[in-house]
Amino acid sequence: MALLRLELTRMLRNTRLVVFTLAFPAGFYLLYTQMYGAQLHLGGTTWGGYYMVSMAVFGAIGAALGTLGTRLAAERAGGWVRLLRTTPLTAGSYVAAKLAAAVLAAVPATLLLLVLGALVNHVALTVSAWIELTLIVVAGAIPFAALGLLLGYLFDSESAQAGQVLIWLALSLLGGLWMPLQAMPKVFSQIALYLPTFRAADLARLCVGAATRPALQDIAVLLAYTLGLGALAWWRYRSEAQREYV
Amino acid sequence: MAQDVISFNHVRRNFGKVVALRDVSFKVARGEIVALLGPNGAGKSTAISLVLGLRAPSEGRVEVLGADSRAAITRASIGAMLQETSLPPGLKVSELLVFQQSLYPRPLSLGAAAERGRVADLLDLRVERLSGGQRRRVLFALALCGNPELLLLDEPTAGMDAESRALFWREMDELADSGRTILFTTHYLEEADRHARRVLLLQGGRLAADGTPEQLRRGTGQSTVRFSASTAWAEEVRALLPDCRVDVLGGAISVVTPDPETALRLLMARDVPLEGLEVTAGSLEAALLQLREGDGER
Ligand SMILES: Nc1ncnc2c1ncn2[C@@H]1O[C@H](COP(=O)(O)OP(=O)(O)O)[C@@H](O)[C@H]1O
Ligand SMILES: [Mg+2]
């Protein structure tokens, strides 16, 4: 699909996004696994495997958010969306392409972190576990694509970029992606249960044998976020359309 | 087939308490090239957005190519250039054009769109590196990509330099000759005068006049005297003809006067060079001014 290709081209040329979502997670991963030792045992696996999942999720959701939120906001403010509305492209396929691009944008960060885990820290998994892990991390970006959509319809322009980065970092910190929850005060573990960042990482940790909650519960929370955020974005889109066009 | 390409039927459009268009009715037939004129805030952009189905009329009905303007079916036959559109950064011009073509059932080839839109030299540039005038050219090329029957252009030449404007209008004249229907807005009345075969004048949301540029000009009882002279002469001309409107545009001086004979006599007596002298009945500018004053008295 042409719009999807266009979106992916733009993503790859966006150096800031590439640096944020590849270099940061990879850098943190190497730094902290060197610092504490990759073979340290944590939650049923090694620190090298545990943190590999954390940082893969961190990069993946950053890429998903970054391709959608502020960029959509800027396209709306700049009139590009309006011009597209004069073409035969439907609103549905526009949104579908945006979402697909956001989820696909999660692939490079995911793969990079898994490769680093395997090569640098010798994380050993079966082939099928590697594949499963990749798919889960990428699929875990779906609720964040929905979040990006909502932010895109909430924000008014590029100036909201900072807001989006803040949300990304805060959700990652509170969800235990930066530091394991075991190393944070207890109350954070309680909060994290309700966050999609924690749930996406927990589900993915199934593959390294370090999940702490039932997989179905993780999936249910992620699904609820996806539907809830998607519905909010739809509602914002509708109310704006009512105001603007009818 | 005498099908109307655009039809406004008692159209009203409100924005909250602001009435942007009131009781506007007109039809545009296939192959017409129509200028939509009027001061800022007259409702030109609103009218264009109604034709494009970007907005719905508050009252009345807008039809395009025989269907309600918001029906998706008309979009395959329409090309549009809107007033302010920033292009999505990170893309080359050629990539944008290829994308735009993919949206239409019967697109122009990349080469044809690039040539007609005069963007062949820009194809490899990233859109964020384009100047304002180049961006307008790209937007025009995008509007042509779908090989549209109907072109809607909201201030297409704003930000273009004189040469770009001239080339742009040459292309537009060719498109009109090939049977396309074109509706455009502009702040350059010269453009409307030369290239439109019909002018719709909006004034405070009302359709104040509808006719050929010739008819509108004649209605004013004014004439325009135009000649090439260096701009240095403009002050001299203003001093000689204090009651007339004197404009300098593209190396030419134009004087709007009810009495061209007297004006010419005065100019000749002062040896003002009158190369390329041209006297035309009325001026669109005067027509617009008269309508505006008439509106104020009402
Ligand atoms: N989205 C909008 N919300 C509120 N008022 C608007 C909106 N768009 C246009 N208007 C108002 O409608 C009138 C006509 O605007 P417009 O069609 O843009 O005029 P023009 O293009 O002739 O300059 C103006 O008074 C303008 O302020
Ligand atoms: Mg306007």
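## Ligand 1

A polar side-chain atom of B:Ser45 is placed 2.8 Å from an oxygen atom of ligand 1. The model is a predicted one. B:Thr46 also presents a polar side-chain atom to the ligand, at 2.5 Å from an oxygen atom of ligand 1. B:Ala42 takes part through its backbone instead, with an N or O atom 3.2 Å from an oxygen atom of ligand 1.

In total, 13 residues surround ligand 1. The closest are B:Gly41, B:Gly43, B:Lys44, B:Ser45 and B:Thr46. The site is shared between chains, because the residues that surround ligand 1 come from chains A and B.

## Interface of chains A and B

The contact between the two chains involves 22 residues of chain A and 30 residues of chain B. The size of an interface is often expressed as the accessible area lost when the parts come together. Here chain A and chain B bury about 2400 Å² between them, and 62% of this lies on carbon and sulfur atoms. Within chain A, the residues that lose the most area to chain B are A:Arg13, A:Trp80 and A:Thr86, which together account for 27% of what that side buries.

A:Arg13 also forms a salt bridge: its side chain meets that of B:Glu95, with an N to O distance of 2.9 Å. The count of salt bridges between chain A and chain B is 1. Across the same interface, 5 residue pairs are in polar contact, both residues of each pair being at pLDDT 80 or more.

## Elements on the chain A side

Four elements are listed as giving two or more residues to the side of chain A that touches chain B: helix 1 (2-13), helix 3 (47-78), helix 4 (80-85) and helix 11 (215-245) of chain A. Helix 1 of chain A gives the most, with 6 residues. By residue class, this side of chain A divides into 10 nonpolar, 5 polar and 7 charged residues.

## Domains of chain B

Chain B is divided into domain 1, residues 4-216, and domain 2, residues 223-281. Taken over C-alpha atoms, the centres of domain 1 and domain 2 of chain B are separated by 34 Å.

## Backbone angles in chain B

Most residues other than glycine have a negative phi. B:His10 has a positive phi, near 45°, and is not a glycine. B:His10 belongs to strand 1 of chain B, residues 4-15.

B:Arg118, also not a glycine, has a positive phi of about 55°. B:Arg118 is located in the loop between helix 3 (110-116) and helix 4 (132-144) of chain B.

Key
Residues are numbered from 1 along each chain as its sequence is written. Chains are lettered from A and ligands numbered from 1 in the order in which they are written. This is a predicted model: local features need pLDDT of at least 70, side-chain atom pairs count only at pLDDT 80 or more; totals for chains, interfaces and linings use all residues. Side-chain values use heavy atoms; hydrogens and water are left out. Contact means heavy atoms within 4.5 Å. Buried area is the accessible area (1.4 Å probe) that two parts lose on being put together, summed over both. A salt bridge is a side-chain nitrogen of Lys or Arg within 4 Å of a carboxyl oxygen of Asp or Glu. A polar contact is a pair of N or O atoms within 3.5 Å; within protein, one must be able to donate a hydrogen and the other to accept it, and residues adjacent in sequence count only if both atoms are side-chain atoms. Ala, Val, Leu, Ile, Met, Phe, Trp, Tyr, Cys and Pro count as nonpolar, Asp, Glu, Lys and Arg as charged, and the others, Gly among them, as polar. Domain bounds come from an automatic or database domain assignment. A residue is near a molecule or strand if one of its heavy atoms lies within 4 Å of it.
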